[in-house]
Amino acid sequence: MPQSHLKLANDLLETCYQTYMKQPTKLAPEITYFNLEGESATDIYVKAADAHNLQRPEFIESLYYFYAITGNKSYQDMGWDIFQAFEKYTRVAHGYTSIGNVKNALNLRPKDMMETFWLGETLKYFYLLFSDDRNEVDLNKFVFNTEAHLIPIHDN
């Protein structure tokens, strides 16, 4: 992979990470907006209607790929920050719940709903991200489909 592509991908990853870290709960909203009018304290902002978190897997998947490809443990650290936030703000008596408000840790508005992708994808990518063996899945031999199932790559 050309270094310029890796740099761009890493910059995008850092931006996505900040959508989590800029919130009081350290959980990303469903939709984040960017101030395009110049730098300010509100470069990243969230509208009230978009402040919910459904425990989506895509960013954790990205962290896993970056860790698997580079071996850089900072991606595990990023994932751990987010995992701890899920534990703190979404864990309930019998599982985990989506929340309606990432902008206020005192008013989360739990939704009493756990999406299937939380168990089937998000937690799977956390498991792989935190694995002692970053090559547990040989990414030269397998690809993940959109539901985080492994599909073998066949040579023609």
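Where in the chain does Arg134 lie?

1. Arg134 lies in the loop that runs between helix H4 (116-129) and strand S5 (142-144). The model is a predicted one. With a relative accessibility of 28%, Arg134 counts as partly exposed.

2. Beyond its neighbours within four places in sequence, Arg134 is in contact with Tyr67, Ala68, Ile69, Thr70 and Gly71. Pro24 is 110 residues from Arg134 along the chain, and the C-alpha atoms of the two are separated by 30 Å.

3. How many salt bridges does a search of the whole structure find? The search finds three. Side chains of opposite charge can pair when their charged atoms come close.

4. Lys7 and Asp11 form a salt bridge through their side chains, at 2.8 Å from N to O. Both are in helix H1 (residues 3-21), and because they are four residues apart there, about one helical turn separates them. Asp11 is partly exposed, at 35% relative accessible area.

5. A salt bridge also joins the side chains of Arg56 and Glu30 (2.9 Å, N to O). This pair links distant parts of the chain, 26 residues apart: Arg56 is in the loop between strand S2 (44-45) and helix H2 (58-70), and Glu30 is in the loop between H1 and strand S1 (33-34). Arg56 is partly exposed at 35% relative accessibility, and Glu30 is partly exposed at 28%.

6. The side chains of Glu87 and Arg91 meet in a salt bridge at 3.9 Å, N to O. Glu87 is partly exposed, with 28% relative accessible area.

7. On the surface, Val143, Ile151 and Ile153 make up a nonpolar patch with about 220 Å² of accessible area together. Ile153 belongs to the segment after strand S6 (150-152) and is partly exposed at 41% relative accessibility.

Methods: Residues numbered from 1 in each chain as written. Predicted model: local features only at pLDDT ≥ 70, side-chain atom pairs only at ≥ 80, totals over all residues. Heavy atoms only, no water. Patch = residues over 30% accessible without salt bridge, like charges linked within 9 Å, V, L, I, M, F, W, Y side chains within 5 Å. Areas by Shrake-Rupley, 256 points an atom, 1.4 Å probe, with all protein chains shown as cover. Salt bridge = Lys/Arg side-chain N within 4 Å of Asp/Glu carboxyl O. Helix = DSSP H or I, 4+ residues; strand = E, 2+ residues; numbered from the N terminus. Buried < 20%, exposed > 50% of the residue type's maximum accessible area, 1.4 Å probe, protein only. Contact = heavy atoms within 4.5 Å.
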